[in-house]
Amino acid sequence: MNVHDKYKPLNFWERTYLPGIFAGLWLTSMRFFRNMAAHTLHAVGIKTKRLGAVTFQYPEVLRPIFPRLRTMHRLTRREDGSPRCVACMMCETVCPARCIYIIADEKPDQPQIEKVPKSFDIDLGLCIFCGYCVEACPEDAIRMDTGILEISNLTRNGMMLDMQTMLKLEPDSRRYVKYNEKGEIVSAEYIEAKGS
Amino acid sequence: MEDIGFALGKLAFLLIFALGFGGILTWVERKQSAVMQDRIGANRASIFGLRIIGLFQPLADAIKMFTKESFRPANADKVIFTLAPTISVFFALVGFAVIPFGDVLYIGGKAVNLQLAPLSVGILYLFAVAGMAVYGVVLGAWASRNNFALLGGLRASAQMLSYEVALGVSIMGALMIYQTLDLQEIVRWQGAHYWGFILQPVGFLLFLTVGIAETKRVPFDPPEGESEIIGYFLEYSGMGFGMYFLTDFIETVMISAITVTLFFGGWQVPCLTAAGFVFPWGEWALPNWAVALLQVTSFTVKVMFFLWLQMTIRWTLPRFRYDQVLRLGWKVLLPISLANILITGLVILLIQ
């Protein structure tokens, strides 16, 4: 097919570009007035289905995150609070970024556990958040569901995540999207956040 | 003595009008573009936690501009480099002197003409001032000793000089109908007959297009050309840049004010005469001060509408290439303006 067939030649009226200009101005100004109406109604406290903006006011309003998103790591605990990790080195071996450093220790008083981690460090400056460590773990000892995305520090050493910190972390359900039986998003926070 | 007081009062009004609108347009530009694009826009500037939808943003901008280092390149011409932004702002501001913003107001038995400089050649004065506006840009660009700035200055001079011609010719038709150059008389004529855009729709569209080109804002911004040459203000920082920035917005207000004065009846309110409203179904007498207040409000509201329109155009249309700008000016706008004069003249002859 000749590429020029796609374009039919412009007639005189179209060649003045005036119809195009007015169509564009109509589109943008209608959008302006529709969004202004939504903003005005929200300002006086009337909720509308259509929102004036898609912006999340980030530090105040957190954007909802989905359950499968990989966020900062945490270590799960046994009932007595000790780490579930048995220092099998699976995660350290599979890690493509080589950012996990485990030092194993013996636990002679508990015969069913051969090894426990003496220290378990993750260098978040190196981590690529691939989630292989979670997949590889046979004990479900490491998870990436804390919902923490704001990972930053002024020094490289500050990016090191140690075992005591990771054991204290919990999944943050406040930030997760909730679903109903049909699989639709029902979290009220999500809608509220978008409306503000 | 009283006359000086009245003149100073009018001067203060015009300065607040121009600079206030110019300053607030920096906020309007951000907010309006945001609303048009489903965003929220600047809303973080606050004083003691008080935000009022970001209205302190111009203040924050001003503080930033004043406290930034004002850098001058080593080889730049010191005097002209420093002076050029001031020239630019000056010629953008002095045009407001002949814009009438109301009819006659009586204060203590004295008639005050609500126009700072009642020149009988107001339009010519406006053209002279608009023609001088290019000097601030070209001098600033030339004095920076920077090739890209110079390129921006050359583009600015070519664009603004070619549109100057179309600017003058595009309102000739309207002036032929009004038969006066005095802006106050033009507004009164429109009140007595019809508003200009009814009699001169083509002239109005041409003037608005050329006016937007004169402000050097986006559909016509090769002098700035932020994506290619940074533009004539390349070497300016701090308040030098701030003044060029403000000039664009003051010129936007200027073009709105001239468009309103020439084609939308200036301070005229429909059905309002010097004695009050005269509706087809009856009359409603108003005191002189109320009439003057309504007229000033009417002028302000009309100017605000055209500011909104110019912002919408700026955030809707893509920019022209340099050659397209000049082709549009010389090959399209100028011939249509000349044809407009010819047809207007023929119609006037036929009616007489």
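A:Thr76 counts as partly exposed because 16 C-beta neighbours fall inside 10 Å; a residue is called buried if 20 or more other C-beta atoms lie within 10 Å of its own, exposed if 12 or fewer, and partly exposed in between, with C-beta atoms placed from the backbone. The model is predicted, and local features need pLDDT of at least 70, side-chain atom pairs count only at pLDDT 80 or more, and totals for chains, interfaces and linings use all residues. Residues are numbered from 1 along each chain as its sequence is written, while chains are lettered from A and ligands numbered from 1 in the order in which they are written.

A:Thr76 sits in the loop between strand E1 (74-75) and helix H3 (90-94) of chain A. Helices (H or I, at least four residues) and strands (E, at least two) are DSSP runs, numbered from the N terminus. Leaving aside residues up to four places away in sequence, A:Thr76 touches A:Arg84, A:Asp140, A:Ala141 and A:Arg143, where contact requires C-beta atoms, placed from the backbone, to lie within 7 Å. From A:Met36, A:Thr76 is separated by 40 residues in sequence and by 49 Å in space, C-alpha to C-alpha.

Chain A contains six helices and five strands, in the sequence pattern α-α-β-α-β-β-α-β-β-α-α. Its radius of gyration is 27 Å, well over the 16 Å that the globule rule gives for 196 residues, so chain A is more spread out than a compact globule. This radius is taken over C-alpha atoms, and the globule rule is 2.2 Å times the number of residues to the power 0.38. Along the principal axes, the C-alpha atoms of chain A fill a box of roughly 90 × 55 × 40 Å. Of the 196 residues of chain A, 15% count as buried. Among contacts in chain A with a separation of 6 or more, 67% involve residues 24 or more positions apart.

Chain A is divided into domain 1 (3-43) and domain 2 (74-175), with bounds that come from an automatic or database domain assignment. The C-alpha centres of domain 1 and domain 2 of chain A are 55 Å apart.

Three strands of chain A form an open sheet in the order E2-E3-E5, with antiparallel pairing; two strands pair if DSSP finds at least two bridges between them. Strand E2 (100-106) and strand E5 (160-161) of chain A stand at the edges with a single partner strand each, so one side of each is left without a neighbour in the sheet. E2(A) and strand E3 (residues 115-123) of chain A run antiparallel and are joined by seven bridges. A:Ala104 stands opposite A:Pro117 in E3(A).

At the interface, eleven residues of chain B are in contact with twelve residues of chain A. On the side of chain B that touches chain A, helix H1 (2-36) and helix H11 (288-314) of chain B each supply at least two residues. The largest share of that side, three residues, comes from H1(B). Its residues divide into six nonpolar, three polar and two charged. Ala, Val, Leu, Ile, Met, Phe, Trp, Tyr, Cys and Pro count as nonpolar, Asp, Glu, Lys and Arg as charged, and the others, Gly among them, as polar.

In chain B, B:Phe48 has a phi near 50 degrees, a positive value in a residue other than glycine. B:Phe48 lies in the loop between H1 and helix H2 (57-67) of chain B and is exposed, with 4 other C-beta atoms within 10 Å.

Technical notes. Contact = placed C-beta atoms within 7 Å.
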